[in-house]
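Here are some notes for a colleague who is opening this structure for the first time. Please keep the sequence and the view side by side while reading the points below.

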Amino acid sequence: MARSGLAGAARVAHWADAALGPGRDAGRADGKATLSDETAERAAADLGLTAAQVRADWDTARLAGLVEVHGDSARPGWRLRAWDRDDSAVLRGWVALFDAWSLAHPEPADHEPAAVAEVVSAMPQVLSFLQLSAGPVPMEQLLDLLQQRVTELRTERCEIPYGPQPDPAGQAEDQAQDRARPEDAPLEPLLDWALHALASVGALTYGDGQATLTPLGSWAVWVKLEQICVAAQSPAGNIEVAAEEMLRGCAQLRPNAARAEYRAWLAARPVGSAVTELIDAARGEDALLRGLAFEALRVVGAPAEPDVRAVADEPTLRPYALLWLAEHDGHDPEDAHEVLTREEATWLWVDTAAAVADHGEAPLLVRHLESAVQPTVPMLLDEVRAVGHPRTVQVLVALAAAHPDPALAKAVRRAAFQVHTGRS
């Protein structure tokens with residue numbers, strides 16, 4: 001259903017990718033990443049549609065993330081790239097459209113924005129009721145529920161004023177203003193608009209005075225409720241903290257518990273800002289947080305691909321990003337390291353050793369020797385000296401102090417001294 005519902009949007013997005021890409025005869029830009037009249041007419045002629053249909057499908061493509069807007073330009077989104085091979089990308093695109101239902105259908109022009117915002121805020125409860133009903137629900141019943149929820153929202157934001165109270169004349173003026181506020185506006189036209197908007201994105205059917213969730217709409221509501229439940233069950237209580245603090249809180253958790261914490265943290269915030277926070281945390285000096293950040297990005301999955309790909313040229317993040325992308329593209333995690341060059345693998349070995357030295361125990365650092373790609377310790381030391389990791393000296397000193405073999409420890413200390421003094 002999601003694929004068929006977004007088929008028109010995908011068709012226009014694919015057309016734009018092919019016809020308007022770099023180096024091609026693009027249509028005139030309008031500074032808003034919307035289609036100019038010239039481009040819309042051209043697309044309509046190529047696709048056998050009307051210009052109005054092209055514009056509608058383009059708007060849907062933007063809301064679904066098939067097209068991503070950056071400033072005054074647009075480019076294909078990761079969901080369009082994955083359209084033919086990844087059903088989850090299609091579902092995520094539809095959920096993004098579902099989340100933007102209030103933008104997909106023009107709101108009533110004669111209603112106050114505050115009243116519209118109240119209805120938008122109240123609709124999740126209406127949708128939950130529709131899901132629980134598992135069938136058609138009369139408009140009158142939905143209107144009664146909407147009125148109750150809007151009343152609750154208004155009550156929640158009421159505040160008792162502190163300090164001097166206004167004079168009676170001022171109170172009279174405020175009361176006159178209250179009578180003109182949108183609180184007295186009838187909600188029925190706004191409910192009608194909301195149901196039509198949700199029907200336009202395929203979340204429900206609406207007609208004959210009743211509404212029914214579609215199977216896709218019911219699934220989307222269930223997903224949203226599940227996300228709320230996941231966010232409410234954070235095992236370590238890190239939902240509201242920044243990414244770096246959350247990752248530090250996960251450092252001592254077992255892998256499964258850490259992944260549960262990542263899922264809860266991610267469910268509580270928009271995926272775009274969450275990915276940005278995690279990558280910023282990975283850029284810090286703590287190598288442990290770097291590794292944990294990319295573990296959290298594995299939980300994010302495909303939506304993180306553009307951002308991960310964008311940092312693959314940053315030396316500090318490159319090995320982590322390449323491994324993430326390899327696994328995302330289907331490589332077995334045990335074989336993903338094969339995408340790294342010898343130098344990148346060595347840099348990653350030093351970075352991981354720095355994390356172990358800072359946060360682990362000495363035996364762990366000794367065992368870390370076994371994960372090196374070099375077959376012998378002398379070869380490892382030669383390549384570690386050449387790789388230029390900023391923590392090389394500290395890692396070698398810690399390894400020399402931890403290793404039980406005096407001869408090997410001496411060789412490692414010598415290598416640390418040579419790096420420190422700049423000698424080869």
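1. Leu204 has Leu213, a residue of strand S5, as its bridge partner. This pairing can be followed in the model, which is a predicted one, by looking at strand S4 (residues 204-207), which is joined to S5 by four bridges in the antiparallel sense.

2. Taken together, the strands give an open sheet of three, in the order S3-S5-S4 and with antiparallel pairing. S3 and S4 are the edge strands, each of them pairing on one side only. Helix H11 (residues 188-200) packs on this sheet, where the helix touches S4 and S5, and its direction makes about 135 degrees with that of S4.

3. Which residues of S5 belong to the covered face, and which to the uncovered one? In this strand, which spans residues 210-213, Ala211 and Leu213 form the covered face, whereas Gln210 and Thr212 form the uncovered one.

4. Turning to the aromatic residues, a search of the whole structure finds one aromatic pair. The pair consists of Phe294 and Tyr320, which are stacked, with 5.6 Å from centre to centre and 25 degrees between the planes. Because Phe294 belongs to helix H16 (residues 287-300) and Tyr320 to helix H18 (residues 318-328), the pair ties together parts that are 26 residues apart in sequence.

5. Are the two partners of this pair buried or exposed? Phe294 is buried, since its relative accessible area is 1% and the cut-off for buried is under 20%. Tyr320, with a relative accessibility of 9%, counts as buried by that limit as well.

Note on methods: Residues are numbered from 1 along each chain as its sequence is written. This is a predicted model: local features need pLDDT of at least 70, side-chain atom pairs count only at pLDDT 80 or more; totals for chains, interfaces and linings use all residues. Side-chain values use heavy atoms; hydrogens and water are left out. Buried means under 20% relative accessible area, exposed over 50%, partly exposed in between (1.4 Å probe, protein chains only). Helices (H or I, at least four residues) and strands (E, at least two) are DSSP runs, numbered from the N terminus. Two strands pair if DSSP finds at least two bridges between them. Rings of Phe, Tyr and Trp (its six-membered ring) pair if their centres lie within 6.5 Å; planes under 30 degrees apart count as stacked, over 60 as edge-to-face and the rest as tilted. Contact means heavy atoms within 4.5 Å. Axes are lines fitted to C-alpha atoms, for helices over the stretch in contact, and angles run from 0 to 180 degrees between N-to-C directions.
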